[in-house]
Amino acid sequence: MSVVSSRRSRSRDREHRHHQYTQYPHHPPPPPPPLHIRHVNGAAPPPPPPNPPEKSTKSTSNMISYAQQQLGVSITDGMKQAYDECKATVERIARQCRAKNRKFRDVEFDLENDSNRCLHNLGDTNIFLTSDVRRVPEIFANPVFYTGTPKSAEIVQGAVEDCYLVSALSSMTSVERLIQNLCVARDEEVGVYGFLFYRDCYWVPIIIDDLLFTRVPKYEQLSTGEKELYHFEKDKYNATARKGSDSLYFARPTTDGETWVPLVEKAYAKLHGDYASVMYGRTCDAVEDMTGGVSNLILSKDILDPDQFWHTELLKANHDRLFGCWFKSLTSSRSGVKNATVDGLVGNLSHSVVKALEIRGKRFVVLRDPWGEAGWEGPWADGSKEWSREWLDALPELGHGFGSGGQFVMEYKDFLNIWQEIQRTIIFDDSWVMSSQWLHVSLPFPSVKAFSFGDISFTFSLPAPSPVIIVLTKYDMRYFKDIQGPCIWNLDFILARAGETEPLAESSYSFFYTRGVSVELELEPGDYVVLARLDAAPVRDKDYFKNGLSNGWDRRKLTRIMTERAKGQSIASNYKPNSQLFVTPTSTLLAGEQVKADKTTIDAIKTYAGGVKPGESVTVTTTTTTTTVVSKNGRQEDDPLNPSRNGNGNGGAAPRYHGQGINNISAGHPPLTNGFRNGRPEMEPGWAGMPPPSPPPPLPRSPGSPPYPYVTVPYDPLMMPPPPLDLGRPVTPPPLLNMPRMPLPSDVLEEDNSVVVGLKVYTKRTAPTVITGRLKAPLGTPPPPGGPVVY
């Protein structure tokens, strides 16, 4: 739903750094060297500029400057690269599943065996009550992904309050290529689907299986009265109640057998962590996420010339732009009527624009309700007096029929009067390119500062005349909104030509729940300055993170959320990576030194292991070199998860060392106690605040027996797991409540009041821009010696 929603009363491995890849990073990417301009998503990088001669300068402004990260990246070219990667992954999974005679099960988002993590976030822990999980062929007799008929646009919102997403999907059906680009590849027999989404400034492939939540329980779970309704016939119950789209718990199409809606919704939930995290939003943000477009908000009361808006905007609906609209719910303080409607329309409910056209001098807008019920009761509603015999002939031209599953017709003047906000998203073709620069901004909490432009400033250079769309945006925080900080942020900016003191333009309307602001205009070659203004509004106590941990936040869920937060912040030029929070790609692990060392160990085992007796071991020593290079500068507090606070003392970087990796070959594994090595489960590595593992205590043994050949080695995240459990005897792990309590990482996010802000400049291919960004230093901070620091 839009912004704040009320429930309906009647029913309801990225392998490198930043955007050079098509998905989120899975390891701590190294920061860029000075003045190195990256290429992204397949675009060829320009040669690095020559080193300037050394000279002494004086800085008259207390600023810190950062070099650009993206230069002239094509949105469509990036999509093609991510498309190929996602398709190859789906084909590999399908091939491997067939070789094993198994359907695909996504262990990263397992609805059946890890349902709570897939359903809920940290804050909303008990809002969904699903009944079962079934595969697509179990639900539909003849499933088909997408038919492409007008009925495909008739979508019904499910149990999660995501009408904005439903409206976005409905509007996207009007442009067939958008749905085709969304689902890259699929193997419906194996049950694997690959989708592409756009986050911040790069494409993210998402792979899912075909398991879906349903709201109809198994026959055995029914009460006697419920079974009696089906004459106690289990087969009849399974063939009727548990079949078809009506049995789905979340969104569904009205066309029975069509599967694209619940699968896209599931992929979107996986992208953002869980179903609870996709509650509430704006239609334009969802369209951005699925198309890579750019959105802005238009307040209907602010439209100066309705005729011009009709011709230059609405008539282009579903050609190069998509539209959504909504209005705020009415207050019940005077009427006492909760969720009062306006001519049958419900507030805080996103609607999509299907088309706009003029017939016989009248302007009509065709819209769709995300609940699948056309609530409009005003002029030109289905069956209203305006539909005389002569106007009934216009229904085919409008593409409308009475009772069309949530679709309805309004006259343009009523459209402007009813809808408070119109959301428009421009869809880019391959003639556009984008340059971007992202910065991590941190303010003390509570913050008292002048409300003025210049908190961040960007300068970009335009080499040729071009239409330009300038976007100032926050990074996508939906996945980790529970730990995004104590404040919410609003942005706006002014644009000026370099050297001039009068602004050329101001950004579009925004408020705190708006992701970004933009301005569109034609520009001549030259340098331009963007002065941004940040407005932070406290919405939580400073110690919200500590309180959440104390109140029982799911720590397993929290580790994943913190990792996603670190990935999101890593797009900023001044972000300092924290190795605790990044996942190393499997390709990096397989090509690493440890795998090479293991080969040496295997060779040694073949040579010597036959002579190893109980109580003896052979030690193979391999020499490796591990070097971590950090080329960034910045204040220590810029890293909200600085390991130095936990005693690292190395400024967030892993220590440089030239060490020896030791592999111990022993005559056998030590036995297990209660199913666990050392009698207790091993703690998950990498948790912030976790003490280093201690050597295991000596294992009990009978008098006179030889010692167990157990060798203590330093902690290694690639350590082999314990041997399989002996299933011949009962295994009872120790109760979780008796485990030593993990220290609260109360210092992790307590001091963090930050946001990542990016400037994206869209131009035609002939005029890619170059951007530099600056942060205003805190009051009282001396300027850096020798002038601004450039990264």
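Lys474 is buried in this predicted model and yet forms no salt bridge. The nearest side chain of opposite charge belongs to Asp285, and that side chain is 8.5 Å away. A salt bridge would need a side-chain nitrogen of Lys or Arg within 4 Å of a carboxyl oxygen of Asp or Glu, so Asp285 does not qualify as a partner at 8.5 Å.

What lies close to the polar atom of the Lys474 side chain is backbone oxygen. The backbone oxygen of Phe512 is 3.2 Å from a polar atom of this side chain, and the backbone oxygen of Thr514 is 3.0 Å from one. Lys474 itself sits in strand β18, which covers residues 466-474. Leaving aside residues up to four places away in sequence, Lys474 touches Phe512 and Thr514, and also Asp200, Trp438, Trp489, Leu491, Arg515, Val755 and Val756.

An unreviewed UniProt entry gives Cys163 as "active site". Cys163 is placed in helix α4, residues 163-172. Its relative accessibility is 0%, which is why Cys163 counts as buried.

The buried residues of α1 are Ile75, Thr76, Gly78, Met79, Ala82, Cys86, Val90, Ile93, Ala94 and Cys97. Just after the helix, Asn101 takes a positive phi of about 60 degrees.

Conventions
Residues are numbered from 1 along each chain as its sequence is written. This is a predicted model: local features need pLDDT of at least 70, side-chain atom pairs count only at pLDDT 80 or more; totals for chains, interfaces and linings use all residues. Side-chain values use heavy atoms; hydrogens and water are left out. Helices (H or I, at least four residues) and strands (E, at least two) are DSSP runs, numbered from the N terminus. Buried means under 20% relative accessible area, exposed over 50%, partly exposed in between (1.4 Å probe, protein chains only). Lys and Arg count as positive and Asp and Glu as negative; His and the chain ends are not counted. A polar contact is a pair of N or O atoms within 3.5 Å; within protein, one must be able to donate a hydrogen and the other to accept it, and residues adjacent in sequence count only if both atoms are side-chain atoms. Contact means heavy atoms within 4.5 Å. UniProt positions are given in the numbering used here, feature names are shortened, and annotations may be inferred rather than shown by experiment.
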